[in-house]
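Subject: The structure and some notes on it

Hello,

I am passing on the structure that I said I would send, and my notes follow directly below it. Please open the structure beside the text and look up each residue as you read.

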Amino acid sequence: MDQAEVVKQEVKQEEKKLRNYALADWKYEKIREEVEAFQAELSDDDDVDVCLALTAFGSGTVMQVTNIGYQNPDILYFYGYVNGNKAQIIQHMSQLNFMLMTARRADPAQPPRRIGFSMGEKKGQIEE
């Protein structure tokens with residue numbers, strides 16, 4: 001292993017020690033891991049979109065999420081569509097509660113929608 005690689009690993013170890021697990025970026029990363037694992041089980045041939053059932057907005061609200069982002073210290077953003085209408089949820093981490101699910105595509109001719117992640121300078125952090 002060359003010197004640059006050694007230094008890179010040491011920096012990563014230091015970052016882990018300094019990590020604040022109470023911030024939104026940690027929750028964002030955990031959500032991302034779960035969503036990516038869920039989506040990995042689906043194929044593009046599946047006639048479904050990936051959605052979130054939102055418990056905070058009534059039992060019948062389903063959001064077709066297209067993107068997720070965050071802003072430290074405690075806000076998560078969900079972008080997508082509810083009943084075909086553009087929607088955005090601004091959610092405090094303490095209120096976070098949803099069910100990841102699939103729903104039949106409204107237009108089977110379109111490619112399936114999968115959830116993306118805002119990838120700004122800091123892994124999804126929303127620009128101010």
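Glu 36 is partly exposed, with a relative accessible area of 37%, where buried means under 20% relative accessible area, exposed means over 50%, and partly exposed lies in between (1.4 Å probe, protein chains only). The side chain of Glu 36 meets that of Arg 32 in a salt bridge, at 2.9 Å from N to O; the term stands for a side-chain nitrogen of Lys or Arg within 4 Å of a carboxyl oxygen of Asp or Glu. Because Arg 32 and Glu 36 are four residues apart in helix α2, about one helical turn separates them, and Arg 32 is likewise partly exposed, at 25% relative accessibility.

Before going further, please keep in mind that this is a predicted model, in which local features need pLDDT of at least 70 and side-chain atom pairs count only at pLDDT 80 or more, while totals for chains, interfaces and linings use all residues. Residues are numbered from 1 along each chain as its sequence is written, and side-chain values use heavy atoms, with hydrogens and water left out. The pLDDT is the predictor's confidence in each residue, from 0 to 100; its mean over the chain is 81, and 86% of the residues reach 70 or more. Helices (H or I, at least four residues) and strands (E, at least two) are DSSP runs, numbered from the N terminus. Where pLDDT is low, the predicted coordinates should not be read in detail.

To return to the charged pairs, the count of salt bridges comes to three. Another of them lies in helix α2, where Glu 33 and Lys 30 meet at 2.7 Å, N to O, and since these two are three residues apart in the helix, they too are separated by about one helical turn. Both are partly exposed, Glu 33 at 43% relative accessibility and Lys 30 at 32%. Arg 105 forms a salt bridge with Asp 47, with the closest N and O atoms 3.1 Å apart. This pair links distant parts of the chain, 58 residues apart, as Arg 105 sits in the loop between β5 and β6 and Asp 47 in the loop between α2 and β1. Arg 105 is buried, with a relative accessible area of 12%, whereas Asp 47 is partly exposed, at 28%.

Which strands pair with β2? Two strands are said to pair if DSSP finds at least two bridges between them, and β2 runs antiparallel to β1, joined by two bridges, antiparallel to β3 over eight bridges, and parallel to β6, again with two bridges. Examples of bridge partners are Leu 52 with Met 63 in β2, Tyr 70 with Leu 76 in β3, and Ile 68 with Phe 117 in β6. Strand β2 is mostly covered, since seven of its 10 residues are buried.

A hairpin of three residues joins β2 to β3. In the loop between these two strands lies Pro 73, and the peptide bond between Asn 72 and Pro 73 is cis, with omega about 15 degrees.

Finally, the whole structure holds four aromatic pairs; rings of Phe, Tyr and Trp (its six-membered ring) pair if their centres lie within 6.5 Å, and planes under 30 degrees apart count as stacked, over 60 as edge-to-face and the rest as tilted. One of them is the stacked pair of Tyr 77 and Tyr 79, 6.3 Å centre to centre with 15 degrees between the planes. Another is the edge-to-face pair of Phe 78 and Phe 98, 5.8 Å centre to centre with 70 degrees between the planes. That pair links distant parts of the chain, with Phe 78 in strand β3 and Phe 98 in strand β5, 20 residues apart. Phe 78 is buried, at 2% relative accessibility, and Phe 98 is partly exposed, at 24%.

Best wishes
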